[in-house]
Every structure is written in C-alpha cells, then in structure tokens.
Amino acid sequence: MKSFENKVVLITGSTGGIGQATAKKFAEKGGHVIVSGRRAEKGKKVVSEITDSGGKASFVAIDIMDFKSIQKAMIKIKEDFGEIDVLVANAGREQPSTLPINQLEDSEVEMIMDTNLKGTYFTIKYGLPIIRKNTGSICLISSLWGHLGGAGLTAYTSTKGGIIALTRSLAVEQGAAGIRVNCISPGAIETPMLNRFSQGADMSEFYRANMPLGRAGQAEEVAAGIVWISSDEASYVTGQILAIDGGVTSKMSTAGM
C-alpha cells in the first residue's frame with residue numbers, strides 16, 4: 001500500500017544508518033524522500049539506490065551544526081516542493097569518549113550539544129514553516145539513553161533527554177495547527193554508530209544478559225516505527241515517545257535472576 005503517495009518527506013542525517021533505512025522505507029510507501037546530510041556523495045548514492053528501485057528521492061545538503069545551512073536548505077525545499085508532509089529530525093552523533101563529567105573536554109561537550117540538541121531544535125524551527133498544516137507530522141529521534149542514566153555519558157544523555165522534552169512541548173504548541181509531533185527512542189541498533197561506540201567488540205553476550213529480546217535491533221525495525229508514527233494510521237497520536245529498544249527501558253534487574 002502506497003500510504004505516502006504524493007507526500008514529501010524530509011529526513012535529516014539520512015546518508016546512512018537509521019536515516020538511510022527510513023528514507024528507503026518511506027520511498028517504498030510512495031513518498032518523495034528528501035535525503036539530507038553533510039556528505040553529498042553519500043547522499044546522492046542513497047538517492048540513486050531509491051530511484052533505481054522505482055522510488056522518488058532528491059538530495060539536499062544540510063549541516064545541522066550550521067544554522068545557516070539549515071535555513072538555506074529549507075528555502076530550497078520550499079522553492080522545489082512548496083510544502084513537506086513529514087519531517088524526521090534524525091541527524092545526530094554519539095559521544096566519542098565515555099568519561100565522567102569532569103573529565104570530558106569542553107569542546108567535545110559543545111559538539112554533542114550543538115549536533116544533537118541544538119541541531120534538532122533549529123531543524124524544527126526552520127523547517128516548521130514549510131510543514132503542511134492539519135496533516136503534517138514531525139518525528140524526533142531520541143535514544144534509550146534519553147530514558148536511562150549512563151555513567152560516562154552525561155553529555156549524550158542530556159541531549160537525548162532534551163529531545164524528549166522538546167517533543168512534548170512541540171506537540172502541545174503545534175496541536176492547534178494540526179501538526180503532530182512524536183519521538184522514537186531507538187535502543188542498541190546495528191549501525192555504524194553502534195559499531196563506533198562498541199569499538200568493534202562482540203556484544204552478543206551483553207545483549208543476551210541485558211535486553212529482554214536478547215539481541216540488537218536492525219535499522220529497518222526502527223524505520224518501520226518512524227514510518228508508522230508519521231502515517232495517517234497514527235493520526236490521533238501526538239506527544240508520544242515510542243521506544244524501539246528490545247524492551248531494555250522496561251527492565252529492572254532482580255537479585256538472583
């Protein structure tokens with residue numbers, strides 16, 4: 001079923017990982033996907049993969065750490081498409097160092113804050129004027145670390161918790177315009193970002209011990225959630241945080257088990 005036929009979908013950070021899988025999923029559903037990111041070569045490759053499979057896609061360069069880049073991209077999208085139906089604010093990055101708060105370099109903290117929280121904030125701010133009223137949808141991307149504490153991850157968890165709070169405020173603020181705002185919180189998903197975070201270690205035993213489903217997730221599983229929550233099937237869903245994490249945010253360790 002082409003549930004996104006004649007709809008335009010902008011996905012930031014869609015040159016790889018969850019963003020790329022999401023772009024392909026929306027295209028399968030008939031949407032015209034605007035792939036975006038800093039690396040034009042990688043973005044155009046994703047566009048080619050979509051169009052070669054019969055889908056519709058374009059590339060627009062966006063560096064979410066550069067607010068002028070975001071503004072410029074939204075102006076171009078308005079010129080080319082008029083309005084968009086869905087905005088997925090997916091772009092973000094991991095915390096490179098797992099260190100206590102007093103040992104993190106200030107420059108590293110600023111980079112994470114600028115990318116994950118401020119980048120998401122300004123993507124919404126400058127993208128909102130071109131989102132279709134009454135039927136538009138915004139989907140933000142948090143993380144299981146937006147729900148849980150993580151020693152050595154204070155900068156990252158701060159940004160992902162902030163995205164959850166931003167989702168709820170936006171949903172209340174934009175409800176009168178008929179724009180729905182929701183959030184997806186992925187868990188451990190097999191992507192290049194997870195590989196960088198785990199430094200290539202075999203995590204299978206960790207998953208079995210800590211995750212109710214006993215495995216890492218796939219990018220396509222997160223993409224399916226993003227597509228559903230952005231679709232007309234979720235037309236009365238707003239302000240919600242959907243964790244796609246194999247159950248890890250629902251788990252509490254029990255002595256002797």
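Contact here means heavy atoms within 4.5 Å. Helices (H or I, at least four residues) and strands (E, at least two) are DSSP runs, numbered from the N terminus.

You're looking at a predicted model, where local features need pLDDT of at least 70, side-chain atom pairs count only at pLDDT 80 or more, and totals for chains, interfaces and linings use all residues. Residues are numbered from 1 along each chain as its sequence is written, and side-chain values use heavy atoms, with hydrogens and water left out.

**Stop 1: the whole protein**

Start zoomed out, with the cartoon on: there are eight helices and seven strands. Along the principal axes, the C-alpha atoms fill a box of roughly 55 × 40 × 40 Å. The radius of gyration, taken over C-alpha atoms, is 18 Å, which agrees with the value near 18 Å for a compact globule of 257 residues (the rule is 2.2 Å times the number of residues to the power 0.38). Among contacts with a separation of 6 or more, 73% join residues 24 or more positions apart.

Now colour by burial: 47% of the 257 residues count as buried (under 20% relative accessible area; exposed is over 50%, partly exposed in between, with a 1.4 Å probe and protein chains only).

**Stop 2: helix H5**

Select residues 154–174, which make up H5. This helix has 21 residues and reaches 30 Å from its first C-alpha to its last, close to the 30 Å expected (1.5 Å times one less than its number of residues).

Show side chains for the buried residues of H5, including Tyr 156, Lys 160, Ile 163, Ile 164, Leu 166 and Leu 170. What do they pack against?

**Stop 3: Ser 158**

Stay on H5 and pick Ser 158. Is Ser 158 buried, exposed or in between? Its relative accessibility is 37%, so Ser 158 counts as partly exposed. Next, select Trp 145 and draw a C-alpha to C-alpha distance: Trp 145 and Ser 158 are 8.7 Å apart in space and 13 residues apart in sequence.

**Stop 4: Gln 174**

Finish on Gln 174, also in H5. With 10% relative accessibility, Gln 174 counts as buried.
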